[in-house]
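Subject: Structure handover and findings

Hello,

Here is the structure for you to look through. My notes follow below it.

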Amino acid sequence: MTKAKRKVMYLNPVGTGGYDEVFAAMAAKYKLPDTEVHVASLPPAQGAFTHIEFRAYEAMVTHGIIRATRAAAKEGFDALAIGCFYDTALHDAREMSGDMVVTAPCLASCRLATNLSNRFGVIVGRRKWVDQMSSTVSHYGYGPACAGFYHVELGVNDFQKDHCHTNNLLTEAARKAVEEGYAESIILGCTLEIGFHETLEAELGVPVIDVSVAALKEAEYAAEMKAHCGWKPSRKWSCEAPPEDELATLGVFDGGDVFGNRIVVPAA
């Protein structure tokens, strides 16, 4: 086993470890050999959510994401990816991240898609998600490159009930994005079958991006650039971090159970 050159956390922002094994398998398949990845979820006391499809759920777990980010930074992680396509609490967490880089799936996959093509289509679970996700894509400046959002009317938990049915729906939606929306690449906004994007890519003939892979690889790349070039996150103006003495006085950001489940995928 080699010594890790970089240390990345993939944070599953729910209060259950039910999907952590899936993300750990993803990390083992796609990370660089000398990267150590920790897949962690929030403690059940955070609400035991299995998904955060609703803004109300996002609001409840934001506190846990911020605390987890701060704890990861103190543990010496180089980068952290927040594992939800809503990019929940991304800007909030960055304020608490110290020298650690923080990214998330929507930002990472849009950036990757526009490196691979001029127009991308986004496949999502439910119509409910589209308003918030489209606003996020536009906020990042990628709205003009987005060919549209294509929903399959499955919630996060529904994706696991029948993989064949799920994959058929995703394939149909992706084909519609390419043939009717003229998308030149596809972002799978939610999928929990590792490697499905490779199968779909071979069938459609355009790049297909699994957002969990995109987030992990962007975090890994950021960690590598941080080491090689000395780049660190800005702490000026809108990126200003809260003062430590004030955080200590408030006493709500540290202590107690920060993580629930954790799986370490070691450097090879």
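Helix α2 bends by about 40° at Val61. The bend at a residue is the angle between axes fitted to the seven residues ending there and the seven starting there. Element names follow DSSP runs, numbered from the N terminus: helices are H or I with at least four residues, strands are E with at least two.

Two notes on the source. This is a predicted model: local features need pLDDT of at least 70, side-chain atom pairs count only at pLDDT 80 or more, and totals for chains, interfaces and linings use all residues. Residues are numbered from 1 along each chain as its sequence is written, and side-chain values use heavy atoms, with hydrogens and water left out.

**Helix α2**

α2 covers residues 55-74, 20 residues in total. Its first and last C-alpha atoms are 29 Å apart, close to the 28 Å expected at 1.5 Å a residue. The expected span is 1.5 Å times one less than the number of residues.

Which residues of α2 are buried? They are Glu58, Val61, Thr62, Gly64, Ile65, Ile66, Arg67, Ala68, Thr69, Arg70, Ala71 and Ala72. Buried means under 20% relative accessible area, exposed over 50%, and partly exposed in between, with a 1.4 Å probe and protein chains only. The cover over these residues includes β1 (6-12), β3 (79-82), α3 (90-95), β4 (101-103), α5 (127-139) and α9 (244-250). Contact here means heavy atoms within 4.5 Å. Just after α2, Gly76 takes a positive phi of about 95°.

Ala248 sits in helix α9. It counts as exposed because its relative accessibility is 60%.

**Helix α6**

α6 (residues 163-179) has 17 residues, so it should span 24 Å at 1.5 Å a residue; its end C-alpha atoms are 24 Å apart, which agrees. Its buried residues are Thr166, Asn167, Leu170, Thr171, Ala173, Ala174, Ala177 and Val178. They pack against β5 (120-124), β6 (146-151), β7 (185-188) and α7 (196-204).

**Pocket and cavities**

Rolling a probe the size of a water molecule over the atoms shows where empty space is left. The search uses a 1 Å grid over the protein atoms alone. A cavity is a set of points where a 1.4 Å probe fits but cannot get out. A pocket is an open set with protein on both sides within 12 Å along at least five of seven lines. Lining residues have an atom within 4 Å of a point. Grid points are joined across faces, edges and corners, and a volume is the space filled by probe spheres set on the points.

The largest pocket holds about 400 Å³. It is lined by 17 residues, and Thr103, Ala108, Arg111, Glu218 and Tyr221 lie nearest its centre. Two or more lining residues come from each of α3, β4, α4 (105-116) and α8 (211-229). The largest share is from α8, with six residues. By class, the pocket lining has ten nonpolar, three polar and four charged residues. Ala, Val, Leu, Ile, Met, Phe, Trp, Tyr, Cys and Pro count as nonpolar; Asp, Glu, Lys and Arg as charged; the others, Gly among them, as polar.

There are two cavities of 30 Å³ or more. Of its 25 lining residues, Gly83, Cys84, Phe85, Val156 and Cys190 are closest to the centre. β1, α5 and α8 each supply at least two residues of that lining. The cavity lining divides into 16 nonpolar, seven polar and two charged residues.

**Loops**

Two non-glycine residues here have positive phi.

- Glu153 has a phi near 55°. It lies in the loop between β6 and α6. At 45% relative accessibility, Glu153 is partly exposed.
- Trp237 has a phi of about 55°. It lies in the loop between α8 and α9. Trp237 is exposed, at 73% relative accessible area.

Arg119 is in the loop between α4 and β5. It is partly exposed, at 30%. Leaving out residues up to four places away in sequence, Arg119 touches Pro144, Ala145, Ala147, Gly181, Tyr182, Ala183, Glu184 and Ser185.

Pro44 is in the loop between β2 (35-41) and α2. At 55% relative accessibility, Pro44 counts as exposed.

Best wishes
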